[in-house]
Amino acid sequence: MARHIDILQYPETAIATASATLADGLPIGLPTETVYGLAADATNPAAITRIYETKGRPRFNPLICHMSDLAMAERYAIFDPISRKLAEAFWPGPLTLVLPLRPESGIHPLATAGLDTVGIRVPQGFAGELIRAFGRPLAAPSANTSGKISATSADHVHDDLGERISLILDAGASIVGVESTIVKVEDGEMRLLRPGGLAAEEIERVAGQPLKRKNGASPAIEAPGMLASHYAPGAAVRLDATAVLPGEALIRFGRPDIAGTENAAIVLDLSPAGDLSEAAANLFDFMKRADGSGAATIAFSSIPDEGLGEAINDRLRRAAAPRE
Ligand code: TXA
Ligand code: MG
């Protein structure tokens, strides 16, 4: 059963205990501003293997490597000018850059699934401090069983993985609430591999050029982890609902008029004021609560596809995708 440490109350204990656990090759539950990660030493093959085993994650799905700052990232990957500009503007923050891996970087091929590129991100706050203290990059996927809803609190991590890991650091709810935006620069063009907690519009504004979406190509080819069915609650998921059936759970956005609302098993509003950042922060927690209501179906009202709405709609489409 995992030990919990509150990082706000006991920051030094958290750093010392986490560093010792990581040095033993064990993964830990690590709070970041996007979601909680299942973090382990990216240079230690046994530690990375434990991440895949703990999550039940397919090994062809590479992990994001977390660094303390841009200087550390430059030791492991080769930056083109656009990627460097994005890193300077948005790190620490919810942006992952896919970059050519430096030969002999020390990051183990198990972390990158053998690719010659690496996904790198510099997280905000405590996670960055821990990496600085530990001195090595941390590979960290979201701290949930593969295919299930991502964890945005220490309790979520505990409920899902508490029996399988030894340490969970608790920093309260993740402030962004959806995973990082993943961008890859190729031949001077920026491509969006995964919409996430940094709005595409902000990236385009800083870079002064458009972020190319994949046009019909399978996302599985771009970012191997982007399997269609993902973020799946136990209940079925129905999108763009304009009416809710008796007994369904309803997750809405911005107080819309949804027929039958009074007969829903549970009604949760991602943001009554219609704020997409607030909606992103609530998304996974509300999905778990709706799932916990026992309803067989969760109906979602439509959510605008701009700003963080792009990441929210991406997660909802995956949650609604046919299950294997
Ligand atoms: O916010 C986040 O990004 C969270 C927190 C913990 O940092 N992490 C996260 O990791 O979402 P994960 O493993 O759930 O998602 C990693 C995604 C996968 O879709 C994977 O395919 C993609 O990143 N990825 C990693 N390395 C890649 C690479 N070299 N090329 C293309 N895609 C890559
Ligand atoms: Mg994940």
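Helices here are DSSP runs of H or I with at least four residues, and strands are DSSP runs of E with at least two. Counted that way, the protein chain of this predicted model has 11 helices and 15 strands. Welcome to a short tour, which goes from the overall build to two aromatic pairs, one cavity and a handful of individual residues.

**Overall build**

- The radius of gyration of the protein chain is 19 Å, close to the 20 Å that the globule rule gives for 324 residues, so the chain is as compact as a globular protein of that length.
- Taken along the principal axes, the box filled by the C-alpha atoms is roughly 60 × 50 × 35 Å.
- Of the 324 residues in the protein chain, 56% are buried.

**Aromatic pairs**

- A pair of aromatic rings is described by the distance of the centres and the angle of the planes.
- How many aromatic pairs does the count give? It comes to two aromatic pairs.
- In one pair, the ring centres of F79 and W91 are 6.1 Å apart and the planes stand at 85°; that angle is over 60 degrees, so the pair is edge-to-face.
- F79 sits in the loop between α3 (70-76) and α4 (81-90), while W91 sits in the loop between α4 and β5 (95-100), so this pair ties together parts that are 12 residues apart in sequence.
- F79 counts as buried because its relative accessibility is 8%, under the 20% cut-off.
- W91 also counts as buried, at 10% relative accessibility.
- In the pair of Y231 and F284, the ring centres are 5.5 Å apart and the planes are at 5°; that angle is under 30 degrees, so the pair is stacked.
- Are Y231 and F284 buried or exposed? Y231 counts as buried at 4% relative accessibility, and F284 counts as buried at 0%.

**Backbone points to look at**

- The W91 side of the edge-to-face pair has a backbone feature of its own: the peptide bond from W91 to P92 is cis, with omega near -5°.
- P92 lies in the loop between α4 and β5.
- Y231, from the stacked pair, has phi near 55°, a positive value in a residue other than glycine.
- A113 likewise has a positive phi without being glycine, with a value near 55°.
- You will find A113 in the loop between α5 (109-112) and β6 (117-121), where A113 is partly exposed, with a relative accessible area of 28%.

**The cavity**

- Rolling a probe the size of a water molecule over the atoms shows where empty space is left.
- The count comes to one cavity of 30 Å³ or more, and about 40 Å³ of space lies in the largest cavity.
- Which residues line the largest cavity? The lining is made of T181, L192, P195, G196, L198, A199, A200, G307, E310 and A311.
- By type, the lining of the largest cavity divides into six nonpolar residues, three polar and one charged.
- Domain 1 (3-212) and domain 2 (236-320) each supply at least three residues to the lining of the largest cavity.

- T152 is found in the loop between β7 (138-139) and α7 (154-161).
- With a relative accessible area of 4%, T152 is buried.
- T152 and T32 are 120 residues apart in sequence, and their C-alpha atoms are 8.7 Å apart in space.
- P304 lies in the loop between β15 (297-300) and α11 (309-320).
- Where T152 is buried, P304 is partly exposed, with a relative accessible area of 31%.
- A separation of 9.2 Å is found between the C-alpha atoms of P304 and F253, which are 51 residues apart along the chain.

Technical notes. Residues numbered from 1 in each chain as written. Chains lettered and ligands numbered in written order. Predicted model: local features only at pLDDT ≥ 70, side-chain atom pairs only at ≥ 80, totals over all residues. Heavy atoms only, no water. 1 Å grid on protein atoms, 1.4 Å probe; cavity = no way out; pocket = protein on both sides within 12 Å on 5 of 7 lines; lining within 4 Å. Points joined across faces, edges and corners; volume = space filled by probe spheres on them. Nonpolar A, V, L, I, M, F, W, Y, C, P; charged D, E, K, R; others polar. Domains from an automatic or database assignment. Phe/Tyr/Trp six-rings, centres within 6.5 Å; stacked < 30°, edge-to-face > 60°. Buried < 20%, exposed > 50% of the residue type's maximum accessible area, 1.4 Å probe, protein only. Rg over C-alpha atoms; globule rule 2.2 N^0.38 Å.
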